[in-house]
Amino acid sequence: MSTAQTPQPDDTAGPPGAVGTPEHPADRTAKTPGAPDTTRSGGPAERPDPVPWQRRLLVGLLAGLLAWGLAALLSPEDGAARQLGAAALVAVAAVAVQHLVPVPDRLAEERARRAESLLAETAATVRGGLRRYDELHHGLTRHTEDMKQLVETRLVPPPRPAEPEPPAPNLVRIGSVSDLAANFAEVLSPGLPILSTFVRLEMQRVVGHLSDLTTLTAECPGENHDWMLTLTRAAEKSICATSTSVDRTFWNSEPASRYLHAQAEAIEQGVPVRRLFLLESARELDDRLLRLCEEQEVLHIEVRVAVLPELPPHLLRGTTNDFIVYDEAVSFEIDQDLRDVNIRTRLIARQDHVHDRMKRFRELWEAGMSLRELEVRVDDEEDGTWMVDRG
């Protein structure tokens, strides 16, 4: 007896593409090596973005932060609006550049890490610079306030109180010249009583002269060579001096050598020096006067000589005492007694007095003889060919 056999499925059947089963052309096409995968999108597979958009935004944000920090540090006067505008422009540009210039994944990640590190370091540097700038600004502001408070408390005199108050500490209050001299003597005291007294007396004398100069006039007994030397060193424009017969012996003294040396230094500094010798009579025209004038001309001092009896009458009505005008602002004068002894030295800075002295000097200077004329005159005097007043 035969039994009916149920048809069995073909064990050679298998999935498409298996051995023994004809492979469908479509399956062959899908499995071809190198062919684009169309199973998901129906077209060529898109390459993933090597730089995620979150990283692009982060880079753009860091670039904008860096631009804003630099703009605020370098150009604080431009204002916040312009600084933020520049930062936004840089941030947009950074994002656009990343979008337009794709890079391989590894290279992009490496560069992104480096950029993040660099931006982080730069941002830290900017923050540190801003912090140091704030600290410096705060320090300068505090220093300015301290200096202002110091000036107000130390230099500005306090308002006079309604009732007497003890003097404020660290403030020196001087009631008189003697008090100031005593204070200097106390500070500069060398220890020995006699030297302390000497310092006090000298300071009292010097401070007294300085106090007198507030009235544009000061004087001291006798000749004060120190004033003459100091004014010569202080001159900046000109020195105009007269020299009468009274001080003829002065030019052979030690103070005269120091005085001429100081004048030579002033001339080297561009200060012209003019000296007019005033003679009482023509009998003083001799070789000694000629040598004196030549010695001073060697030092580049302009020299002239005037014989008073030979001057026009209107020039004889002025004073004939010695005077030196410095910078046409201060007159140094020496007064003599009836025996032609120098008894007083005065400094006068009153404008009207100095103006009269300069007018007198210019008139006598124009009427005087130059050194060359003096040489001829001395020769004529020695030969007896010059008619002079022998009375």
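Figure 1. Buried means under 20% relative accessible area. In this predicted model, Arg275 has a relative accessible area of 1%, so Arg275 counts as buried. The residue sits in strand β3, which spans residues 273-279. One joins Arg275 to the side chain of Tyr259 at 3.4 Å. The other joins Arg275 to the side chain of Gln263 at 3.1 Å. Residues up to four places away in sequence aside, Arg275 also touches others, including Ala241, Ser243, Trp251 and Leu260. Gln296, Ile301, Glu302, Val303, Arg304 and Trp365 are among its contacts too.

**Figure 2. The protein chain as a whole.** The chain of this predicted model contains 11 helices and seven strands. Of its 391 residues, 30% count as buried. Take the contacts between residues at least 6 apart in sequence: 67% of them join residues at least 24 apart.

**Figure 3. The largest nonpolar core.** In soluble globular proteins, nonpolar side chains tend to be buried together. Here the largest nonpolar core has 40 residues. Leu285, Val305, Tyr326, Phe332 and Leu374 have the most contacts inside this core. Helix α8, residues 254-268, gives the most to the core, with six residues.

**Figure 4. Close-up of Leu374.** Leu374 is one of the residues with the most contacts inside the largest nonpolar core. Neighbours within four places in sequence are left aside here. Leu374 is then in contact with Leu285, Leu290, Cys293, Val305 and Met369. Of these partners, Leu285 and Val305 are also listed among the residues with the most contacts inside the core.

**Figure 5. Salt bridge between Arg372 and Glu297.** The structure holds 11 salt bridges. In one of them, Arg372 pairs with Glu297, and the closest N and O atoms are 3.6 Å apart. Arg372 belongs to helix α11 (residues 371-383) and Glu297 to helix α9 (residues 287-298), so the pair ties together parts that are 75 residues apart in sequence. Glu297 has 34% relative accessibility, so Glu297 counts as partly exposed.

Figure 6. The side chains of Arg357 and Glu333 form a salt bridge, 2.8 Å from N to O. Arg357 lies in helix α10 (residues 351-367) and Glu333 in strand β6 (residues 330-336), so this pair ties together parts that are 24 residues apart in sequence. Both Arg357 and Glu333 are buried. The two residues belong to a network of salt bridges that also links Glu219, Asp335, Arg344 and Arg346.

**Figure 7. Lys359 and Glu363 within helix α10.** Lys359 and Glu363 both lie in helix α10, four residues apart, about one turn of the helix. An α-helix has 3.6 residues a turn, so residues three or four places apart point the same way. The side chains of Lys359 and Glu363 meet in a salt bridge of 2.8 Å, N to O. Lys359 is partly exposed, with a relative accessible area of 44%. Glu363 is also partly exposed, with a value of 28%.

**Figure 8. Helix α7 and its N-terminal cap.** Helix α7 covers residues 225-234. Trp227, Met228, Leu229, Leu231 and Thr232 are buried in this helix. Asn224 caps the N-terminal end of α7. A side-chain oxygen of Asn224 lies 3.2 Å from the backbone nitrogen of Asp226.

**Figure 9. The cavity.** The structure holds one cavity of 30 Å³ or more. The largest cavity has a volume of about 170 Å³. Its lining has 17 residues, and Met228, Asp247, Asp322, Ile324 and Ile334 are the closest to its centre. The elements that give two or more residues to this lining are α7, β2 (239-243) and β6. Strand β2 gives the most, with three residues.

Figure 10. Asp327 lies in the loop between β5 (323-326) and β6. Its phi is near 55°, a positive value in a residue other than glycine. Asp327 counts as partly exposed, at 22% relative accessibility. Glu328 lies in the loop between β5 and β6 as well. Glu328 has a positive phi of about 55°, although it is not a glycine. At 44% relative accessibility, Glu328 counts as partly exposed.

How values were computed:
Residues numbered from 1 in each chain as written. Predicted model: local features only at pLDDT ≥ 70, side-chain atom pairs only at ≥ 80, totals over all residues. Heavy atoms only, no water. Core = buried A, V, L, I, M, F, W, Y, C linked by side-chain atoms within 4.5 Å. Buried < 20%, exposed > 50% of the residue type's maximum accessible area, 1.4 Å probe, protein only. Contact = heavy atoms within 4.5 Å. Salt bridge = Lys/Arg side-chain N within 4 Å of Asp/Glu carboxyl O. Polar contact = N/O pair within 3.5 Å; in protein donor to acceptor, adjacent residues only side chain to side chain. 1 Å grid on protein atoms, 1.4 Å probe; cavity = no way out; pocket = protein on both sides within 12 Å on 5 of 7 lines; lining within 4 Å. Points joined across faces, edges and corners; volume = space filled by probe spheres on them.
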